[in-house]
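Colleague: I am new to this structure and would like to learn how to read it. Could you take me through it feature by feature?

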Amino acid sequence: MLGPDGHPTRGGFLPPVTLPRRMWAGSRLTFPAPIAFDAPLERSSTIASVEHKSGRSGELVLVTVRHEIRARGVLAVTDEHDIVYRQAPRPGAPQAPRDGQAYLAGLRELDRQSLAWIGAMLAGRGGRSHR
């Protein structure tokens, strides 16, 4: 079940942060050892850190979750991801646009420009899409 922020509802593993907005803030993957195709895998998850900060946009809590995957007892993958919890926007603060259509239209235009540039490069026109 999803919460109002679009993430799974809270409770259980993650710390009980009460700030209402939750976002993915970054991640790091490492592969310290190879994994054999038939190796049984074990995953353990821990909360690596919890930091409270105060920023321009208000109160923040940064949580780092660390997953370790072991193959036959040997650490094979580490997956750390950062989650930021933010307070609700202040009254009168600018809101992010809620219309996804404008965003998608911008991506489509960017795709057209990128494809034109790639086509020009392949045609040997040095990035000039017009003759």
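Predicted model: local features only at pLDDT ≥ 70, side-chain atom pairs only at ≥ 80, totals over all residues.

Colleague: What share of the residues in the protein chain is buried?

Modeller: Of the 131 residues, 21% are buried. The accessible surface comes to about 9800 Å², and carbon and sulfur atoms hold 59% of that surface.

Colleague: Which residues make a nonpolar surface patch?

Modeller: Phe-13, Ile-47 and Val-50 make one of about 250 Å². Phe-13 lies in the segment before strand S1 (21-30). Phe-13 counts as partly exposed because its relative accessibility is 43%, between the cut-offs of 20% and 50%.

Colleague: How should I read a salt bridge?

Modeller: Side chains of opposite charge can pair when their charged atoms come close. In this model the count comes to seven salt bridges. One of them joins the side chains of Arg-72 and Asp-38, at 3.5 Å from N to O. Arg-72 is in the loop between S3 and S4 and Asp-38 in the loop between S1 and strand S2 (41-55), so this pair ties together parts 34 residues apart in sequence.

Colleague: Are Arg-72 and Asp-38 buried or exposed?

Modeller: Arg-72 is exposed, at 53% relative accessibility, and Asp-38 is exposed, with a relative accessible area of 58%. Arg-72 also has a positive phi, near 55°, in a residue other than glycine.

Colleague: Which residues are linked in a network of salt bridges?

Modeller: The network links Arg-28, Arg-66, Glu-68, Arg-70, Glu-80 and Asp-82. Within it, the side chains of Glu-68 and Arg-70 meet at 3.1 Å, N to O. Glu-68 is buried, with a relative accessible area of 16%, whereas Arg-70 is partly exposed, at 30%.

Colleague: Where is Glu-80, and why does Glu-80 count as buried?

Modeller: Glu-80 sits in strand S4 (residues 74-86). Glu-80 counts as buried because its relative accessibility is 18%, and the cut-off is under 20%. A polar contact of 3.1 Å joins its side chain to that of Arg-66. Leaving aside neighbours within four places in sequence, Glu-80 is in contact with Gly-26, Ser-27, Arg-28, Thr-64, Val-65 and Arg-66.

Notes. Residues numbered from 1 in each chain as written. Heavy atoms only, no water. Helix = DSSP H or I, 4+ residues; strand = E, 2+ residues; numbered from the N terminus. Buried < 20%, exposed > 50% of the residue type's maximum accessible area, 1.4 Å probe, protein only. Polar contact = N/O pair within 3.5 Å; in protein donor to acceptor, adjacent residues only side chain to side chain. Contact = heavy atoms within 4.5 Å. Areas by Shrake-Rupley, 256 points an atom, 1.4 Å probe, with all protein chains shown as cover. Patch = residues over 30% accessible without salt bridge, like charges linked within 9 Å, V, L, I, M, F, W, Y side chains within 5 Å. Salt bridge = Lys/Arg side-chain N within 4 Å of Asp/Glu carboxyl O.
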